[in-house]
Amino acid sequence: MCTLEKRGNIFVLTLTGDDQHRLNPTLISTLRSHLSQIKAQSTRGSALVTLAEGKFFSNGFDLDWAQKNSRSADEARAKLVEMVELFRPVVKDLIALPMPTIGAITGHAAAAGLVLALSHDHVFMRRDRGVMYMSEVDIGLTFPDYFSVFFRSKVASPAARRDLLLNGMKLKAEDAVAMGIIDSAYDDAEKTVDAAVQLAEKLGKRKWDGVVYGEIRKSLLPELCDIVGLVGAGVATSRL
(Lines give C-alpha, C1' and ligand atoms only; values in the text may rest on other atoms or scores of the structure.)
Protein backbone atom coordinates (compact mmCIF):
# COMPACT_ATOMS: atom_id res chain seq x y z
CA MET A 1 0.00 0.00 0.00
CA CYS A 2 1.11 3.59 0.39
CA THR A 3 1.19 6.33 2.98
CA LEU A 4 1.15 10.12 2.88
CA GLU A 5 3.17 12.31 5.23
CA LYS A 6 3.34 16.10 5.34
CA ARG A 7 6.60 17.73 6.44
CA GLY A 8 5.92 21.42 6.50
CA ASN A 9 5.00 22.21 2.89
CA ILE A 10 6.51 18.98 1.57
CA PHE A 11 4.24 16.00 0.88
CA VAL A 12 5.98 12.61 1.01
CA LEU A 13 4.10 9.78 -0.72
CA THR A 14 5.59 6.37 0.08
CA LEU A 15 4.84 2.97 -1.43
CA THR A 16 5.22 0.88 1.71
CA GLY A 17 6.42 -2.65 2.47
CA ASP A 18 8.88 -5.00 0.83
CA ASP A 19 6.69 -6.31 -1.98
CA GLN A 20 6.79 -5.29 -5.64
CA HIS A 21 4.24 -2.45 -5.28
CA ARG A 22 2.31 -3.79 -8.24
CA LEU A 23 -0.48 -1.53 -9.44
CA ASN A 24 -3.81 -3.22 -8.79
CA PRO A 25 -7.19 -1.48 -8.33
CA THR A 26 -6.69 -1.12 -4.58
CA LEU A 27 -3.27 0.55 -4.80
CA ILE A 28 -4.37 2.71 -7.73
CA SER A 29 -7.41 3.89 -5.76
CA THR A 30 -5.23 4.69 -2.74
CA LEU A 31 -2.77 6.65 -4.89
CA ARG A 32 -5.59 8.71 -6.37
CA SER A 33 -7.03 9.38 -2.92
CA HIS A 34 -3.68 10.64 -1.64
CA LEU A 35 -3.10 12.77 -4.75
CA SER A 36 -6.53 14.31 -4.29
CA GLN A 37 -5.67 15.09 -0.67
CA ILE A 38 -2.35 16.62 -1.72
CA LYS A 39 -4.05 18.86 -4.26
CA ALA A 40 -6.69 19.97 -1.76
CA GLN A 41 -4.07 20.84 0.89
CA SER A 42 -1.58 22.51 -1.46
CA THR A 43 -0.38 26.04 -0.78
CA ARG A 44 2.33 28.28 -2.16
CA GLY A 45 5.59 26.48 -1.52
CA SER A 46 4.15 22.96 -1.63
CA ALA A 47 6.05 20.14 -3.33
CA LEU A 48 5.66 16.36 -3.63
CA VAL A 49 8.27 13.63 -3.20
CA THR A 50 7.27 10.06 -4.14
CA LEU A 51 9.41 7.08 -3.06
CA ALA A 52 9.11 3.40 -2.24
CA GLU A 53 10.33 0.99 0.40
CA GLY A 54 12.06 -2.29 -0.41
CA LYS A 55 13.68 -3.68 -3.55
CA PHE A 56 11.10 -2.28 -5.98
CA PHE A 57 9.80 1.17 -6.73
CA SER A 58 6.97 -0.50 -8.64
CA ASN A 59 6.87 -3.56 -10.88
CA GLY A 60 3.95 -2.39 -12.97
CA PHE A 61 0.43 -3.74 -13.26
CA ASP A 62 -0.53 -6.62 -10.99
CA LEU A 63 -0.83 -9.44 -13.52
CA ASP A 64 -1.04 -12.01 -10.69
CA TRP A 65 -4.09 -10.21 -9.32
CA ALA A 66 -5.71 -10.30 -12.75
CA GLN A 67 -5.12 -14.05 -13.09
CA LYS A 68 -6.17 -14.93 -9.54
CA ASN A 69 -9.42 -12.99 -9.93
CA SER A 70 -10.35 -14.46 -13.30
CA ARG A 71 -11.85 -17.74 -14.47
CA SER A 72 -10.44 -17.58 -17.99
CA ALA A 73 -7.69 -16.00 -20.05
CA ASP A 74 -10.22 -13.60 -21.60
CA GLU A 75 -11.37 -12.48 -18.18
CA ALA A 76 -7.75 -11.97 -17.08
CA ARG A 77 -7.16 -9.79 -20.15
CA ALA A 78 -10.26 -7.79 -19.25
CA LYS A 79 -8.88 -7.27 -15.75
CA LEU A 80 -5.63 -5.97 -17.23
CA VAL A 81 -7.56 -3.54 -19.44
CA GLU A 82 -9.42 -2.44 -16.32
CA MET A 83 -6.15 -1.67 -14.51
CA VAL A 84 -4.79 0.16 -17.56
CA GLU A 85 -7.82 2.46 -17.60
CA LEU A 86 -7.83 2.92 -13.83
CA PHE A 87 -4.19 4.03 -13.99
CA ARG A 88 -4.73 6.65 -16.72
CA PRO A 89 -6.18 9.16 -14.18
CA VAL A 90 -3.13 8.69 -11.92
CA VAL A 91 -0.95 10.09 -14.72
CA LYS A 92 -3.52 12.85 -15.18
CA ASP A 93 -3.53 13.65 -11.45
CA LEU A 94 0.24 13.94 -11.29
CA ILE A 95 0.37 16.21 -14.34
CA ALA A 96 -2.34 18.38 -12.83
CA LEU A 97 -0.80 18.81 -9.37
CA PRO A 98 -0.27 22.51 -8.58
CA MET A 99 3.28 22.07 -7.29
CA PRO A 100 6.72 20.68 -8.25
CA THR A 101 6.93 16.89 -8.07
CA ILE A 102 10.01 14.73 -7.55
CA GLY A 103 10.15 10.97 -8.04
CA ALA A 104 12.83 9.08 -6.10
CA ILE A 105 13.37 5.71 -7.80
CA THR A 106 14.63 3.70 -4.86
CA GLY A 107 14.36 0.28 -6.53
CA HIS A 108 13.34 -1.46 -9.75
CA ALA A 109 10.80 0.52 -11.81
CA ALA A 110 9.15 -1.49 -14.57
CA ALA A 111 6.32 -0.98 -17.07
CA ALA A 112 3.52 1.06 -15.46
CA GLY A 113 5.76 1.47 -12.41
CA LEU A 114 8.23 3.35 -14.59
CA VAL A 115 5.42 5.46 -16.01
CA LEU A 116 4.48 6.32 -12.42
CA ALA A 117 8.04 7.42 -11.66
CA LEU A 118 8.49 9.44 -14.85
CA SER A 119 5.17 11.22 -14.34
CA HIS A 120 7.04 13.51 -11.93
CA ASP A 121 8.78 16.73 -12.97
CA HIS A 122 12.16 15.62 -11.63
CA VAL A 123 13.34 12.02 -11.31
CA PHE A 124 16.28 10.79 -9.22
CA MET A 125 17.47 7.18 -9.02
CA ARG A 126 19.83 5.12 -6.89
CA ARG A 127 22.86 3.76 -8.74
CA ASP A 128 23.75 0.86 -6.45
CA ARG A 129 20.64 -1.25 -7.11
CA GLY A 130 17.64 -1.29 -9.39
CA VAL A 131 16.87 -0.87 -13.08
CA MET A 132 14.21 0.79 -15.17
CA TYR A 133 12.64 -1.55 -17.67
CA MET A 134 9.69 -1.56 -20.06
CA SER A 135 8.87 -5.27 -20.18
CA GLU A 136 6.03 -5.23 -22.74
CA VAL A 137 8.12 -6.25 -25.76
CA ASP A 138 9.47 -9.25 -23.82
CA ILE A 139 6.17 -10.47 -22.39
CA GLY A 140 4.11 -9.87 -25.54
CA LEU A 141 1.96 -6.88 -24.64
CA THR A 142 1.34 -3.77 -26.71
CA PHE A 143 1.33 -0.30 -25.17
CA PRO A 144 -1.89 1.46 -24.17
CA ASP A 145 -2.42 4.58 -26.27
CA TYR A 146 -1.48 6.94 -23.46
CA PHE A 147 1.78 5.05 -22.73
CA SER A 148 2.97 5.69 -26.29
CA VAL A 149 2.12 9.38 -26.03
CA PHE A 150 3.63 9.50 -22.54
CA PHE A 151 7.05 8.35 -23.71
CA ARG A 152 7.02 10.63 -26.73
CA SER A 153 6.29 13.51 -24.37
CA LYS A 154 8.68 12.57 -21.57
CA VAL A 155 11.70 11.02 -23.34
CA ALA A 156 13.11 13.44 -25.91
CA SER A 157 15.66 11.20 -27.61
CA PRO A 158 14.34 8.80 -30.29
CA ALA A 159 17.36 6.55 -29.64
CA ALA A 160 16.54 6.42 -25.93
CA ARG A 161 12.91 5.57 -26.69
CA ARG A 162 14.05 2.82 -29.08
CA ASP A 163 16.38 1.25 -26.53
CA LEU A 164 13.88 1.47 -23.70
CA LEU A 165 10.67 0.54 -25.53
CA LEU A 166 11.66 -1.51 -28.60
CA ASN A 167 14.84 -3.18 -27.33
CA GLY A 168 13.59 -3.78 -23.79
CA MET A 169 16.86 -2.59 -22.27
CA LYS A 170 17.22 -2.73 -18.50
CA LEU A 171 18.76 0.61 -17.68
CA LYS A 172 20.74 1.38 -14.57
CA ALA A 173 20.69 4.86 -13.12
CA GLU A 174 23.83 6.15 -14.82
CA ASP A 175 22.61 4.85 -18.21
CA ALA A 176 19.29 6.62 -17.71
CA VAL A 177 21.06 9.87 -16.82
CA ALA A 178 23.27 9.63 -19.91
CA MET A 179 20.20 9.04 -22.10
CA GLY A 180 18.37 12.03 -20.63
CA ILE A 181 15.57 9.93 -19.12
CA ILE A 182 16.21 10.95 -15.49
CA ASP A 183 17.98 13.87 -13.84
CA SER A 184 20.64 12.34 -11.61
CA ALA A 185 21.90 9.24 -9.78
CA TYR A 186 22.91 8.73 -6.15
CA ASP A 187 24.87 6.08 -4.30
CA ASP A 188 21.98 4.47 -2.42
CA ALA A 189 18.30 4.79 -1.55
CA GLU A 190 18.86 7.07 1.43
CA LYS A 191 20.92 9.55 -0.57
CA THR A 192 18.38 9.45 -3.40
CA VAL A 193 15.54 10.33 -1.06
CA ASP A 194 17.61 12.99 0.73
CA ALA A 195 18.39 14.65 -2.61
CA ALA A 196 14.71 14.56 -3.60
CA VAL A 197 13.62 16.14 -0.31
CA GLN A 198 16.34 18.78 -0.57
CA LEU A 199 15.16 19.72 -4.05
CA ALA A 200 11.55 19.85 -2.86
CA GLU A 201 12.56 22.20 -0.04
CA LYS A 202 14.61 24.37 -2.42
CA LEU A 203 11.77 24.66 -4.93
CA GLY A 204 9.25 25.20 -2.15
CA LYS A 205 11.13 28.29 -1.00
CA ARG A 206 10.32 29.91 -4.36
CA LYS A 207 6.68 30.13 -3.21
CA TRP A 208 5.37 29.76 -6.74
CA ASP A 209 1.69 30.07 -7.54
CA GLY A 210 0.63 26.43 -7.87
CA VAL A 211 -2.03 27.09 -10.50
CA VAL A 212 0.48 28.92 -12.70
CA TYR A 213 3.06 26.16 -12.19
CA GLY A 214 0.55 23.48 -13.13
CA GLU A 215 -0.62 25.35 -16.21
CA ILE A 216 2.96 25.79 -17.45
CA ARG A 217 3.56 22.06 -16.97
CA LYS A 218 0.43 21.23 -18.94
CA SER A 219 1.44 23.61 -21.72
CA LEU A 220 4.67 21.62 -22.14
CA LEU A 221 2.81 18.31 -22.49
CA PRO A 222 -0.14 19.11 -24.79
CA GLU A 223 -0.43 15.71 -26.49
CA LEU A 224 -0.26 13.85 -23.20
CA CYS A 225 -2.77 16.19 -21.55
CA ASP A 226 -5.17 15.62 -24.43
CA ILE A 227 -5.06 11.83 -24.26
CA VAL A 228 -5.55 11.67 -20.47
CA GLY A 229 -8.40 14.18 -20.66
CA LEU A 230 -6.71 17.12 -18.99
CA VAL A 231 -7.91 20.56 -20.07
CA GLY A 232 -5.94 23.72 -19.36
CA ALA A 233 -7.45 26.50 -17.28
CA GLY A 234 -6.23 29.27 -19.57
CA VAL A 235 -3.87 32.16 -18.93
CA ALA A 236 -3.43 33.29 -15.33
CA THR A 237 -3.15 36.98 -14.40
CA SER A 238 0.40 38.14 -13.73
CA ARG A 239 1.37 39.43 -10.27
CA LEU A 240 3.90 41.83 -11.86
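This is a predicted model: local features need pLDDT of at least 70, side-chain atom pairs count only at pLDDT 80 or more; totals for chains, interfaces and linings use all residues.

The structure holds six aromatic pairs. In one of them, Phe 61 and Phe 147 are stacked, with 6.2 Å from centre to centre and 20 degrees between the planes. Phe 61 lies in the loop between strand E4 (56–58) and helix H2 (63–68), while Phe 147 belongs to helix H6 (residues 145–154), so the pair ties together parts that are 86 residues apart in sequence.

## Other aromatic contacts

Phe 150 and Phe 151 form an edge-to-face pair, with the centres 5.3 Å apart and an angle of 80 degrees between the planes. Phe 150 is buried at a relative accessible area of 1%, and Phe 151 counts as buried at 1% relative accessibility.

Ring pairs also join Phe 61, Phe 87, Tyr 146 and Phe 147 into a cluster. Elsewhere, a charged side chain meets a ring: Lys 170 lies over the face of Tyr 133, at 4.9 Å from the ring centre.

## Cysteines

A search of the whole structure finds zero disulfides. A disulfide is a covalent bond between the sulfur atoms of two cysteines. Cys 2 counts as buried, with 8% relative accessibility. Cys 225 is buried too, its relative accessible area being 3%.

## The chain as a whole

The protein chain contains 11 helices and nine strands. Its C-alpha trace spans about 60 × 40 × 35 Å along the principal axes. For 240 residues, a compact globule would have a radius of gyration near 18 Å; the protein chain has 17 Å, so the value agrees with that expectation.

Of the 240 residues of the protein chain, 50% count as buried. The accessible surface of the protein chain comes to about 11400 Å², and carbon and sulfur atoms contribute 51% of this area. Among contacts in the protein chain with a separation of 6 or more, 72% are between residues 24 or more positions apart. The stacked pair of Phe 61 and Phe 147 bridges parts 86 residues apart in sequence.

Definitions and conventions:
Residues are numbered from 1 along each chain as its sequence is written. Side-chain values use heavy atoms; hydrogens and water are left out. A disulfide is a pair of cysteine sulfur atoms within 2.5 Å. Buried means under 20% relative accessible area, exposed over 50%, partly exposed in between (1.4 Å probe, protein chains only). Rings of Phe, Tyr and Trp (its six-membered ring) pair if their centres lie within 6.5 Å; planes under 30 degrees apart count as stacked, over 60 as edge-to-face and the rest as tilted. Helices (H or I, at least four residues) and strands (E, at least two) are DSSP runs, numbered from the N terminus. A charge sits over a ring if NZ of Lys or CZ of Arg is within 6 Å of the ring centre and within 35 degrees of the ring normal. The radius of gyration is taken over C-alpha atoms; the globule rule is 2.2 Å times the number of residues to the power 0.38. Contact means heavy atoms within 4.5 Å. Accessible areas come from the Shrake-Rupley method with a 1.4 Å probe; for residues, only the protein chains shown count as cover.
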